[in-house]
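Trainee: Could you walk me through reading this model, one feature at a time? I would like the general idea and then the case itself.

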Amino acid sequence: MVMVLFSCENSLDKVKEFIDTDTINGVLAYDIIMTRSDSGFVQAKLIAPVLHNVEGDSSTLEFPNGFLAYLYERDTIPTSKIRADYGIQYSEQELVFARDSVVVENLDTKETLFTETLFWNQKTKKIYTRNFVKIVSPDKIVFGDSLSANEGFTQRVIHGMTATLEIEDDENDF
């Protein structure tokens, strides 16, 4: 039996050149669930069918097929959720930009925000948009030009409010 041994003569510098970060565009992952916690308490859970992690000067997480984020105040029960058809998170700034069919729901008050773009600042725990907004609650619908709110969607300011429509309860009319 004959054994043949080969040795690699490439230096570590040559190997590093070959796998330089400029040649690697990032990581692609499917069916992901990310959880953000503080002191052992869940603050947010993000679910997405596709995650593209782009490394470079600034790290970004892109959700090209959309995402669904649950926000928690009492650790086990989500109080609100944010959904969009596209999203990107700028990791250093802790800022998420969502666009295309953005929906924010307060699960306690049953209020829902509809808009086309939304910024979610995870540092300040605020959401805001400079686009048209429609807010549907159990008793009224409100329209406005823009909005700023806390991420739980319990405190908000609607800018350029254009209409408020009261919804009548028809259950007692029968």
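Mentor: Let's begin with strand pairing: two strands pair if DSSP finds at least two bridges between them. Helices (H or I, at least four residues) and strands (E, at least two) are DSSP runs, numbered from the N terminus. Here S8 and S9 form a hairpin with 4 residues between them, and in that turn Lys125 has a positive phi of about 60 degrees.

Trainee: Before we go on, what kind of model is this, and how are residues numbered?

Mentor: This is a predicted model, in which local features need pLDDT of at least 70 and side-chain atom pairs count only at pLDDT 80 or more, while totals for chains, interfaces and linings use all residues. Residues are numbered from 1 along each chain as its sequence is written, and side-chain values use heavy atoms, with hydrogens and water left out.

Trainee: How many bridges join S8 to S9, and which strand is joined to S9 by 4 bridges?

Mentor: S8 and S9 run antiparallel and are joined by 3 bridges; within this pairing, Trp120 stands opposite Ile127 in S9. Strand S12 (residues 146-150) is joined to S9 by 4 bridges, again antiparallel. There, Thr129 has Leu147 as its bridge partner.

Trainee: Which backbone atoms lie by the polar side-chain atom of Thr129?

Mentor: A polar contact is a pair of N or O atoms within 3.5 Å; within protein, one must be able to donate a hydrogen and the other to accept it, and residues adjacent in sequence count only if both atoms are side-chain atoms. For Thr129, a polar side-chain atom lies 2.6 Å from the backbone oxygen of Thr117, and there is also a 3.1 Å separation between a polar side-chain atom and the backbone nitrogen of Asn131.

Trainee: Now the aromatics. How many aromatic pairs are there?

Mentor: Rings of Phe, Tyr and Trp (its six-membered ring) pair if their centres lie within 6.5 Å; planes under 30 degrees apart count as stacked, over 60 as edge-to-face and the rest as tilted. The count comes to 4 aromatic pairs. One of them is Phe97 with Phe119, with centres 5.0 Å apart and planes at 40 degrees, so this pair is tilted. The pair links Phe97 in strand S7 (residues 95-106) with Phe119 in strand S8 (residues 111-121), 22 residues apart. Phe97 is buried at 17% relative accessibility, and Phe119 is partly exposed at 24%.

Trainee: Is Phe132 with Phe143 stacked or tilted?

Mentor: Stacked: the centres are 5.9 Å apart, with 25 degrees between the planes. Phe132 sits in the loop between S9 and strand S10 (133-136), and Phe143 in strand S11 (residues 140-144). Phe132 is partly exposed at 47%, whereas Phe143 is buried at 18%.

Trainee: Which rings are linked into a cluster?

Mentor: Ring pairs join Phe97, Phe119 and Tyr128 into a cluster.

Trainee: Last topic: how many salt bridges does a search of the whole structure find?

Mentor: A salt bridge is a side-chain nitrogen of Lys or Arg within 4 Å of a carboxyl oxygen of Asp or Glu. The search finds 5. Among them, Arg36 and Glu151 meet at 3.9 Å, N to O. Arg36 lies in strand S1 (residues 27-38) and Glu151 in the loop between S12 and strand S13 (156-159), so the pair ties together parts that are 115 residues apart in sequence. Glu151 is buried, at 9% relative accessibility.

Definitions and conventions
Buried means under 20% relative accessible area, exposed over 50%, partly exposed in between (1.4 Å probe, protein chains only).
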